[in-house]
Amino acid sequence: MAHFYDCKDRKKPQLITEVTTPAQAKKHGKKTYPSITTIIGQTIKDPFLDGIHKPRSMVKYARMEEHWNKEWKEIEQLCYGLVESPDGRTISSAEFGTSVHEAIEKKLWTLKFGGQFEESIYDPYAEPFIDWVVENCYYIVGVEHKIADNLIKSCGSIDVILKDMEKNQMFICDYKCRKSKQFYPKDLWQMAIECEMLRRNYKLDYLPLCVSVCIDINTKKHYHKHWTLEEMEEAIQIVKLISKLYWKVRM
């Protein structure tokens, strides 16, 4: 699903829930920007995943009796896989990932500001990341941080911005829940351009680095991939080209 943001204040962009298409975005105003995931996802398609697997899976699930009354968007979510929740229910991988993200978010805010919050059955999937932050004495700059850029004409949502106090430099992390240790180029594309947006918006004299965190839903183990500066610089150029193409064709 496409997401668009009101980016008149580029440091505090606001999601526009009623805008879901480029045509609606153009009517909303010049400072209405698509999200980074929208730009990448709607411009770069995988021949197998998008052209074969997804439509085939949607037909399969739509024909099942238990899904006959679902909307197409609900059926679409099923295409990304079904997993077992901690309480034994069969849910979409998207719902599982959202729940883990929420658990990590709450724990990070509690770590930063103190206080208490209601425990979640997804906490065991979140705790290894919190332990890693504490063990390395990283400072929590922001959580679920939205940021926009007028040059790239897009809005990013950063899972967490941390600061390495020894190096006096910020970096970002993005977590993905998967069935095994897997990292993909698109993981880097999204984060790299968000780091470039951070550098530009806050006039940093360095490019913040990025770390992908793969959370194995079977073992709860966390795997970290530290992307190199060279990989990031190439990814930034790729996303800039994708953004230009998206705006030229769709906006």
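**Close-up views of a predicted model**

**View 1. Helix H7 is largely enclosed by the rest of the structure, because 13 of its 17 residues are buried.** Buried means under 20% relative accessible area, exposed means over 50%, and partly exposed lies in between (1.4 Å probe, protein chains only). Helices (H or I, at least four residues) and strands (E, at least two) are DSSP runs, numbered from the N terminus. This is a predicted model, in which local features need pLDDT of at least 70 and side-chain atom pairs count only at pLDDT 80 or more, while totals for chains, interfaces and linings use all residues. Residues are numbered from 1 along each chain as its sequence is written, and side-chain values use heavy atoms, with hydrogens and water left out.

**View 2. The ends of helix H7 (residues 185–201) lie 24 Å apart, taken between C-alpha atoms.** The expected span of a helix is 1.5 Å times one less than its number of residues. For the 17 residues of H7 this gives 24 Å, so the two values agree. Just after H7, Lys203 has a positive phi of about 50 degrees.

**View 3. Strands E6 and E7 are antiparallel and are joined by 9 bridges.** Two strands pair if DSSP finds at least two bridges between them. Val143 stands opposite Val160 in E7. The hairpin of E6 and E7 has 4 residues between the strands, and in this hairpin Lys153 takes a positive phi near 55 degrees.

**View 4. Strand E9 (residues 209–216) runs antiparallel to E10, with 5 bridges between them.** Opposite Tyr223 in E10 stands Cys214.

**View 5. An open sheet of 3 strands has the order E2-E1-E3 and antiparallel pairing.** Strand E2 (14–15) and strand E3 (32–34) are at the edges with a single partner strand each, so one side of each has no neighbour in the sheet. Strand E1 (residues 4–6) is joined to E2 by 2 bridges. Tyr5 stands opposite Leu15 in E2.
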